[in-house]
Amino acid sequence: MVKKLFPSGDLLSLSTDEVRDLFGDLKSTFIGLDALGILRKDLIAALGSERAKGFLLRYGWQCGINDVKYLREKFLWTTEDDLLRAGYRINELNGYLKSGSVVMRADWETGKFYTEAYWNYSSEAQKHIEHFGYHDETVCATMIGYAGGYGTECLGANILFKEFECIGKGDPYCRWVGKTIDDWDEEIEDVLPFYESENLANELDRAYHRIEKQKEALKKALNINEKLSKVLIQGGGLSSIVKILAQSLGAAAVLEDKNYNLFESYGNYTPHEFGRFVDLSLKKNEQRVKRLIEEKGTVHVTVPGDFGWQHERLISPVLLRNEVCGYISLIKQQGVFDEMETISLERASTMCAIQFLQERTAIEREQRIKGEFLNELLSDKPDIENLSYRMKLLGYNLNKPHYVFVFNLEHTNEINIHQREPYLMELRRSIADTLESQLLSYGKGCLVASRLDKIIALIPQEVVAQMKFELKTFGEFLVNIISNNYADNKTILGISSLCKGIDTFRKGYEEANKSIIMAKRGRVTSNVISVDEMGSLGILLCTKDEKELESFATGLLKELLAYDEENNAELLKTLYYYMENQGNIQQTSVQMTISMGAIRYRLKRVQEISELDITSAKGFIDSYLALKILMFLGKWGL
């Protein structure tokens, strides 16, 4: 056979005929990637991860040796370094590796060798992910074995490779280091046993013991599953699920909401910033965290001490209607998690989802009932006797004095139109639950329910008195609770006058709604407004047509409005402060920081222009009321 030079160019640019001519008689060189993936899957299923790793290392080692023998026999080589580098080039041609960066130093006289290689793609890692997901350790055993066998046959010295970073365990690339065995220290000792050939009898014996071990693990997993099922059937709740999971597996267990806020924990747990860890990991494109968030899969992550607590965490999302409603985790200070722990965690996740669904359904049912009661209460002709009886059965005494609180919610962030309504319904339900829990903590149950884009609460007078707050201060306290927990919402609270009896709640609801309208239209700086603080104006606004009120106010003050606008004057402002100070010119002068003479002059001009007699009780009251109406309707302001 006549030898020829091995191609020096890019092997990927060769034609089909050129590739066939180059490797036509090397039958073992080209094996389909899917076939290798299935082989890997079956080996792991039959032998387990550790034994399969040894088999793949030895298989790759022999492939590397065979390829060197073939290449030496068939081709002429300008330098031995070209033969050494050909191994990487062939693997790129096969599609096993892509886009690599290789540093290589070889001394052919002494047999010294060092190489470090980075690969942005590994078919072996990709197939492992397809069949098993991300692994806790490196997975490119075949390629590592191939590189070792290839290098050993080339140099005649025993060369071993070790993989330190791997796409198959969530790293952005695969990184290998190869040295002669004498140059390695103890860090290679953990892989040396994998290169030792073993007979079939030993493999079968290990397989038998592994199956027995798996049977025990399965029995334990079934026992945990049975305990979790009993908790669910007996109504033990989320805390019991977390406790049984932790006790059964001898690890800490944690249940968090979808924003990683703690729900329940059992065992050794230290509060830390896990949410920040997730956010930073996503920004760094960490594959395991991406799989947790995007694929909603169970993953093992290592949380550094920078986030408040260093630990190993196996975390699984709690899915309800294919939406994440929380996360459940097993936590260890160090070590890995086995298959039985993964199965048990995912089963606990399912149980938590069922419990979430049961609790949410119960809450939604209660909210629906409360909503129906509210609709009846706020109807034109409520059945007072029937409603009173039914509400007492639920623990509410509506015959006592109450205030009607109406919370108007405006979401400030844009939401996809298809997701908007379900999202807002869930948001209103959640806010109503938060308010009800807060009010219940004061020792009194309050009727809270959502209605359209509002949340309505019937607050007993005794709750406000018990808190020792002014009515408006109490309202501001509740609005702050909503703002602190739901930052993407603007909340305006309208408060009715005191309702004494079921038949007055509809009037109270209309008063609170009217207060919200006034807050939106007027120049009220507070996001809490009550009918009582508007005084007689509030009564008028709640009982009269707004257009008539506006017509009354503008008709009375139109000359002054026109004069101020044309002359950039402040006659109306002066009149307003004069009336706010109950006709006291000195106090008006101090408040407006102008002389008393200027105040007297302006008041004289007011009477001349408008012909209003502000010295009479009627003229004073009418003028003041007109100013207040224009302010609340947003037609004039200071």
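**Why those words? A chat about a predicted model**

Trainee: Val-191 sits in the loop between β6 and α7. What makes Val-191 count as buried or exposed?

Mentor: Val-191 has a relative accessible area of 9%. Buried means under 20%, exposed over 50%, and partly exposed in between (1.4 Å probe, protein chains only). With 9%, Val-191 is therefore called buried. Before we go on: this is a predicted model, where local features need pLDDT of at least 70 and side-chain atom pairs count only at pLDDT 80 or more, while totals for chains, interfaces and linings use all residues. Numbering starts from 1 along each chain as its sequence is written, and side-chain values use heavy atoms, leaving out hydrogens and water.

Trainee: How far apart are Val-191 and Gly-54, in sequence and in space?

Mentor: They are 137 residues apart in sequence, and their C-alpha atoms are 8.6 Å apart in space.

Trainee: What makes strand β15 largely enclosed?

Mentor: Strand β15 covers residues 489–495, and six of its seven residues are buried, so the rest of the structure largely encloses it. By the way, strands (E, at least two residues) and helices (H or I, at least four) are DSSP runs, numbered from the N terminus.

Trainee: How do you know that β12 and β15 pair?

Mentor: Two strands pair if DSSP finds at least two bridges between them. Strand β12 (residues 402–411) and β15 have seven bridges, so they pass, and they pair in the antiparallel sense. For example, Val-406 has Gly-494 of β15 as its bridge partner.

Trainee: What about β15 and strand β16?

Mentor: Three bridges join β15 to β16 (residues 528–530), so they pair as well, and these two run parallel. Gly-494 turns up again here, with Ile-529 of β16 as its bridge partner.

Trainee: Why is the contact between Glu-124 and Arg-40 called a salt bridge?

Mentor: The name needs a side-chain nitrogen of Lys or Arg within 4 Å of a carboxyl oxygen of Asp or Glu. In Glu-124 and Arg-40 the closest N and O atoms are 2.7 Å apart, so the pair qualifies. The pair also links distant parts of the chain: Glu-124 is in helix α5 (residues 123–132) and Arg-40 in helix α2 (residues 33–47), 84 residues apart. Both Glu-124 and Arg-40 are buried.

Trainee: What makes Arg-72 and Glu-80 a salt bridge?

Mentor: Their closest N and O atoms are 3.6 Å apart, so this pair meets the cut-off too. Arg-72, at 29% relative accessibility, counts as partly exposed, and Glu-80, at 36%, is also partly exposed.

Trainee: How many salt bridges does the whole structure have?

Mentor: The search finds 21. Another one joins Lys-169 and Asp-171, with the closest N and O atoms 2.9 Å apart. Asp-171 has a relative accessible area of 15%, so it is buried.

Trainee: Why is helix α19 called mostly covered?

Mentor: Eight of the ten residues of α19 (residues 571–580) are buried, including Leu-571, Leu-575, Tyr-577 and Met-579. After α19 comes Gln-582, whose phi is positive, near 55 degrees.
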